[in-house]
Amino acid sequence: MTEINPINAGRRGVLIAGALSATAAAVPGVAGAAQAVNTASVSPPPVLMKVNLDINGRRRSLELDTRTTLLDALREHLQLTGTKKGCDHGQCGGCTVMLDGQRINACLTLAVMHDGARVTTIEGLGTPEKLHPMQAAFIAHDGYQCGYCTPGQICSAVAALAEIRQGIPSHVSLDLNALPSVTPEELRERMSGNLCRCGAYSNIIEAITEVAGRPA
């Protein structure tokens, strides 16, 4: 049987004792750090605010987290899912609605910023039984295809024609002192913020032109 060297045994004991001491000293620190991290990760409760909106001619009262976008208020709180969430960065136009008559990307604005405002979504333009002229034109000219971008396209198109009637120029308007003309160039420029991944752009322009009262 191998004899244990007293010197090695003593050294081993010292190392074990040192390791145990270090572990005992470190554990409370680790536990404290973990508790601090858990405390810091707890989010404060959301700040709620009441907001009143006129949605498609109906007064709606909501109590929302102040961080709620107008898009999420429409879709998640009012179940108006016609307005689409596409890029959620204001780049695709799928969430276009009309706010007090002007088109806006609903994903880029907070609902609480528009207390008392009048909002028109695709649901407020027409119904299957009584289509808005722009909705009917999109169907007639096959301007919808997959349909995902169509609500935003239609809302934007209605607002674009209203801008032309009001004499609001675009980047391609040649004479800033004259009423803009309903030309393909004007319409393409005004609709450039609404993307169609199906590529139905020419059909969309034809639909808008028809509603404007000009030959498509």
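**Exercise 1. Find how strands β1 and β2 are joined, and what lies between them.**

Solution. Start with the pairing: β1 (residues 48-55) and β2 (residues 58-65) run antiparallel and are joined by eight bridges. Strands here are DSSP runs of E with at least two residues, helices are runs of H or I with at least four, and both are numbered from the N terminus; two strands pair if DSSP finds at least two bridges between them.

A word on the model: it is predicted, so local features need pLDDT of at least 70 and side-chain atom pairs count only at pLDDT 80 or more, while totals for chains, interfaces and linings use all residues. Residues are numbered from 1 along each chain as its sequence is written, and side-chain values use heavy atoms, leaving out hydrogens and water.

**Exercise 2. Work out which elements build the largest nonpolar core.**

Solution. First, the term: such a core is a set of buried Ala, Val, Leu, Ile, Met, Phe, Trp, Tyr and Cys residues joined through side-chain atoms within 4.5 Å, where buried means under 20% relative accessible area (1.4 Å probe, protein chains only). The largest one has 24 residues, and L125 and I208 are among those with the most contacts inside it. Two or more residues each come from α3 (122-125), α4 (133-140), α5 (150-165) and α7 (201-211). The largest share, eight residues, is from α5.

Terms used
Buried < 20%, exposed > 50% of the residue type's maximum accessible area, 1.4 Å probe, protein only.
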